[in-house]
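Biologist: I have a structure open and would like to walk through it with you. Could we start with the strands and then go on to some side chains?

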Amino acid sequence: MNNYELMVIFTPVLSEDEFKAAQKKYTTLVTEAGGSIVHENPWGLRSLAYPIQKKTTGLYWVLEYKAPSDFNEKLKIQLLRDENVLRHLCTKLDKYAVEYNAKKASGVNTGTEKAVEV
């Protein structure tokens with residue numbers, strides 16, 4: 001089982017319920033393949049750096065999960081077939097990235113935060 005991070009940009013025309021249903025679809029896909037969800041973070045509506053399919057905004061969603069290495073090809077096929085997905089990126093996390101994400105998710109100071117002036 002390897003650690004992965006998946007970032008998906010969904011089309012901005014999805015309603016809140018459709019956005020949650022799409023998230024549930026992919027989390028279910030991971031768990032059915034024998035994987036486990038480590039952390040899920042829906043960022044919501046954000047501006048895109050450049051227009052994609054004539055859209056300037058997108059619904060961002062980040063998923064950290066553990067899964068067998070052969071699962072990613074199946075996931076990629078599902079993401080490419082989905083009309084609601086504008087872009088996706090799946091990266092394999094090394095042990096340092098897993099440790100950093102765990103610290104960040106638990107609220108521990110990672111040393112990369114900006115100092116706030118009062």
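Biologist: How many bridges join β1 to strand β3, and which way do the two run?

Modeller: Nine bridges join β1 to β3 (residues 55–67), and the two strands run antiparallel. Strands here are DSSP runs of E with at least two residues, while helices are runs of H or I with at least four, both numbered from the N terminus. Two strands pair if DSSP finds at least two bridges between them. Please keep in mind that this is a predicted model, in which local features need pLDDT of at least 70 and side-chain atom pairs count only at pLDDT 80 or more, whereas totals for chains, interfaces and linings use all residues. Residues are numbered from 1 along each chain as its sequence is written, and side-chain values use heavy atoms, leaving out hydrogens and water.

Biologist: Which residue in β3 does M7 stand opposite?

Modeller: M7 stands opposite V62.

Biologist: And in what order do the strands of the sheet come?

Modeller: The order is β2-β3-β1-β4, in an open sheet of four strands with antiparallel pairing. The edge strands, each pairing on one side only, are β2 (36–52) and β4 (85–92).

Biologist: Changing topic, how many aromatic pairs are there?

Modeller: The search of the whole structure finds six, where rings of Phe, Tyr and Trp (its six-membered ring) pair if their centres lie within 6.5 Å, and planes under 30 degrees apart count as stacked, over 60 as edge-to-face and the rest as tilted. One of them is the tilted pair of F10 and Y26, at 6.5 Å centre to centre with 35 degrees between the planes. This pair links distant parts of the chain, since F10 is in strand β1 (residues 2–10) and Y26 is in helix α1 (residues 16–32), 16 residues apart.

Biologist: Are F10 and Y26 buried or exposed?

Modeller: Both F10 and Y26 are buried, a word that means under 20% relative accessible area, with exposed being over 50% and partly exposed in between (1.4 Å probe, protein chains only). Y65 and F71 form an edge-to-face pair, at 6.2 Å centre to centre and 85 degrees between the planes.

Biologist: Why does N72 count as buried?

Modeller: N72 counts as buried because its relative accessibility is 18%. N72 is found in helix α2 (residues 71–81).

Biologist: What joins the side chains of N72 and Y65?

Modeller: A polar contact of 2.8 Å joins them; such a contact is a pair of N or O atoms within 3.5 Å, and within protein one must be able to donate a hydrogen and the other to accept it, while residues adjacent in sequence count only if both atoms are side-chain atoms.
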